[in-house]
Each structure stands twice: as structure tokens, then as C-alpha cells.
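Please consider the structure shown below. The paragraphs that follow proceed from the chain as a whole to its core, its helix pairs and individual residues.

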Amino acid sequence: MRPLMAVGVLALSGCGAADTVARDNAKSVVNSVVTERFPGANPAPVTDCIIDAASAGEIIQLGSAAVTGISSSTVETVVKISTRPEALTCLSRNGVINFGI
């Protein structure tokens, strides 16, 4: 039973590493999109809010753009995610946008 548990733990740790790589690649892509669309702005908090609001599938899609290149579809995905309530709340909380509240 113990060897089977060890294999399960190793498999899960591998998934964690893959998730980290995918998120890091996705962050790199989103950071590039934000930098291009909003020159002079600090892209880090915007990128973090977008990544946190993205689904696992979107993270994978965005991360793959680090290899294939940023396309108009990639930019559309970033913009779509940035307009979600959870992204907007994060952006407001981090002082990136102000709703006049």
C-alpha cells in the first residue's frame, strides 16, 4: 500500500510543477499583452488579477501562447478575462482601476 501512496504523491507533485510552469508561462504572456496595450502602466498587478480570474483551460491556452506566439485570440482572451467581476474587483482592490467609490 505504501508504494502506491508514494506513486500518488509523486504524480501529484508532478502536476503541481506542471501547473506552476503553465501559470508562469501564462503570466509571461498576459504581462506582454498588458504592457503592449497599456504602455507605462505597471503590468504586474494587472497580470496577477487576470491570471487569478482565469480558468484552468484559459491558463493552459495562455501558457501555450508563450511557445506559439501571441495572437489576436490570445489578446481577446486576456481582455475577456479582465472584464470578469472577480478580475475587476481585484483590479479595484489593487488600485489599478477606480470605480469612483
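**From chain to residue**

Among contacts (heavy atoms within 4.5 Å) in the protein chain between residues at least 6 apart in sequence, 60% join residues at least 24 apart. The model is predicted, and local features need pLDDT of at least 70, side-chain atom pairs count only at pLDDT 80 or more, and totals for chains, interfaces and linings use all residues.

The protein chain contains 5 helices and 0 strands, where helices (H or I, at least four residues) and strands (E, at least two) are DSSP runs numbered from the N terminus. In sequence order the pattern is α-α-α-α-α. The accessible surface of the chain comes to about 6400 Å², of which 62% belongs to carbon and sulfur atoms; such areas come from the Shrake-Rupley method with a 1.4 Å probe, and for residues only the protein chains shown count as cover. Of the 101 residues, 27% count as buried. Buried here means under 20% relative accessible area, exposed means over 50%, and partly exposed lies in between (1.4 Å probe, protein chains only).

The interior may be considered next. In soluble globular proteins, nonpolar side chains tend to be buried together. A nonpolar core is a set of buried Ala, Val, Leu, Ile, Met, Phe, Trp, Tyr and Cys residues joined through side-chain atoms within 4.5 Å. The largest such core in this model has 18 residues, of which V30, I50, I59, L62, V78 and I81 touch the most other members. At least two residues of this core are supplied by each of α1 (2-37), α2 (43-53), α3 (56-68), α4 (72-82) and α5 (85-93). When residues up to four places away in sequence are not counted, I59 touches A22, R23, A26, I51 and A54.

The axes of α3 and α4 come within 10 Å and cross at roughly 140°. That angle makes α3 oblique to α4. Axes are lines fitted to C-alpha atoms, for helices over the stretch in contact, and angles run from 0 to 180 degrees between N-to-C directions. Angles under 35 degrees count as roughly parallel, over 145 as roughly antiparallel, 65 to 115 as roughly perpendicular and the rest as oblique. In this pair, E58, Q61, L62 and A65 of α3 meet S73, T74, T77, V78, K80 and I81 of α4.

For α2 and α5, the axes come within 9 Å and cross at roughly 155°. The two helices are therefore roughly antiparallel. Here P45, V46, C49 and A53 of α2 meet E86, A87, C90 and L91 of α5.

Individual residues complete the picture. T47 has its place in helix α2. Is T47 buried or exposed? With a relative accessible area of 3%, T47 is buried. T47 touches K27, V30, N31 and V34, again not counting residues up to four places away in sequence.

R93, in helix α5, is exposed, with a relative accessible area of 61%. R93 and C49 are 44 residues apart in sequence and 9.8 Å apart in space, C-alpha to C-alpha. V67 is found in helix α3 and counts as exposed at 72% relative accessibility. V67 and N25 are 42 residues apart in sequence, and their C-alpha atoms are 8.7 Å apart in space.

Methods
Residues are numbered from 1 along each chain as its sequence is written. Side-chain values use heavy atoms; hydrogens and water are left out.
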